[in-house]
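Biologist: Can you put the model up? I have some questions about what is in contact with what.
Modeller: Here it is.

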Amino acid sequence: MEDIRARQIEEVGEISAITYSFMASKALFAALDFDLFTHISRGSDSLSPLAKATGIAENRLHTLLTALKSIGLLTEAGGHFKNAPATSRYLVAGAPGDFRDYVRFVNGAFGYESFRHLEKALRGDRIFPNKGFYEGLIYDAGIGGALFSSAQHTGSQGPARLMAKRIDLKGRDKLLDVGGGSGAFTLAFCADNPQLSATILDFAQTIDTAKRYAREAGLSNRIAHVAGNAATADWPGGHGVVLMSYIWSAVGREETEILAKRAFAALPPGGLLLVHDFMVANSCEGPRFAAWYLLGGIFDNPTAVCLTPDYVERVLRDAGFKIETTETLLPGITMLTKALRPQ
């Protein structure tokens, strides 16, 4: 990948823009909690009808709408509000790219709230003494596994379809999706490869949601489910492809090494490993979205690593793999490393 060099800021206003950006994020999350953009799309597009539809008093709603206009999510003309093009495509119920739940629950309820603990995490303190932050906040102390898995499914469908189109699995008949969650990537690969069957290994709390999506896709007979922590549970054998998507950024250094070794042990000679995750350039200066996501990976992972292609490839080589390529999957956000277990 092309290396990244971040532009140094020069003005105090640029510092202010950084310090105030969290307010814009919260304005968006609040708008989605009230489904404001959907109400606008359905005709409640002026202040009084919109206040009635959302239950927000007009004076407070006017202030929220002003904030949303200031960041380009809305426009207003003659007292009528209109969603921006991207807002209409992605933040309105029933829209083709609707991923409101992903923004609300993955970025908002989980991501935004988790960053309140950043200073504590940087000191190496644990938020949940007996379990990982991800498991503690999502499954036990807040969002709930079913809701979070469903929200992640919405956000993962686009990358999953992109990866399935890009990776040739002809001649391979069994996929193990480690930490596969809702099964978005498994479903995409199975849809594009009729010969393929798959197993999803993830926490028990994700299985019911993953089974539902498999049923809805008509793929239940080709997808099995195994409950367990990928770093400690036994992996089912007999798979020629192992996929790990968004899992390395959620664990610490030791776990990435364990996962790589387990993948090597699970695959036959010639087996294919796919590691898809947030990665920054080897210079560690960006892309910024990947860097921010990786900062969120340190919670309860005192040995968390800022993932780069060099790091991922080195861990895989140390485990015995031969690297094929590392390439961009989502520009500015995620990379995909392909590796083979030597013959």
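Biologist: What do the side chains of Lys69 and Glu76 do?
Modeller: In this predicted model, the side chains of Lys69 and Glu76 form a salt bridge, with 2.4 Å from N to O.

Biologist: Which side chain does Asp168 meet?
Modeller: Asp168 meets Lys170 in a salt bridge of 3.9 Å, N to O. Both residues are exposed.

Biologist: Which residues are joined into a network by salt bridges that share partners?
Modeller: Asp35, Asp98 and Arg100 are joined into one network in that way.

Biologist: Now helices. How far apart are the end C-alpha atoms of α4?
Modeller: They are 18 Å apart. Helix α4 covers residues 58-70, which is 13 residues, and at 1.5 Å a residue it should span 18 Å, so the two values agree.

Biologist: Which residues of α4 are buried?
Modeller: Leu61, Leu64, Leu65 and Leu68. They cover an arc of only 100 degrees around the axis, which means they sit on the same side of α4.

Biologist: And what is exposed on the other side of α4?
Modeller: Asn59, Thr63 and Ser70 are exposed there.

Biologist: What comes just after α4?
Modeller: Gly72 does, and it takes a positive phi of about 85 degrees.

Biologist: Let's switch to the sheet of seven strands. What is the strand order?
Modeller: The order is β5-β4-β3-β6-β7-β9-β8, in an open sheet with mixed pairing.

Biologist: Which strands stand at the edges?
Modeller: β5 (223-227) and β8 (322-330) do. Each has a single partner strand, so one side of each is left without a neighbour in the sheet.

Biologist: By how many degrees are neighbouring strands turned against each other?
Modeller: By 15 degrees on average, ignoring direction.

Biologist: What holds strands of a sheet together in general?
Modeller: Strands pair through backbone hydrogen bonds, either parallel or antiparallel.

Biologist: Back to this model. How many bridges join β8 to β9?
Modeller: Seven, and the two strands run antiparallel, with β9 at residues 334-340.

Biologist: How many residues lie between β8 and β9?
Modeller: Three, and the two strands form a hairpin. Gly332 in the turn has a positive phi of about 80 degrees.

Biologist: What about β7 and β9, do they run parallel or antiparallel?
Modeller: Antiparallel, with seven bridges joining β7 (residues 272-278) to β9. In one of these, His276 has Leu336 as its bridge partner in β9.

Biologist: How many residues of β9 are buried?
Modeller: Six of the seven, so β9 is largely enclosed by the rest of the structure.

Biologist: You mentioned Lys338. Is Lys338 buried or exposed?
Modeller: Lys338, which lies in strand β9, counts as buried because its relative accessibility is 16%, and buried means under 20%.

Biologist: Which residues does Lys338 touch?
Modeller: Leaving aside residues up to four places away in sequence, Lys338 touches Ile167, Leu272, Leu273, Leu274, Ile323, Glu324, Thr325 and Glu327.

Definitions and conventions
Residues are numbered from 1 along each chain as its sequence is written. This is a predicted model: local features need pLDDT of at least 70, side-chain atom pairs count only at pLDDT 80 or more; totals for chains, interfaces and linings use all residues. Side-chain values use heavy atoms; hydrogens and water are left out. Two strands pair if DSSP finds at least two bridges between them. Helices (H or I, at least four residues) and strands (E, at least two) are DSSP runs, numbered from the N terminus. Axes are lines fitted to C-alpha atoms, for helices over the stretch in contact, and angles run from 0 to 180 degrees between N-to-C directions. A salt bridge is a side-chain nitrogen of Lys or Arg within 4 Å of a carboxyl oxygen of Asp or Glu. Buried means under 20% relative accessible area, exposed over 50%, partly exposed in between (1.4 Å probe, protein chains only). The expected span of a helix is 1.5 Å times one less than its number of residues. The arc is that of the directions from the helix axis to the C-beta atoms. Contact means heavy atoms within 4.5 Å.
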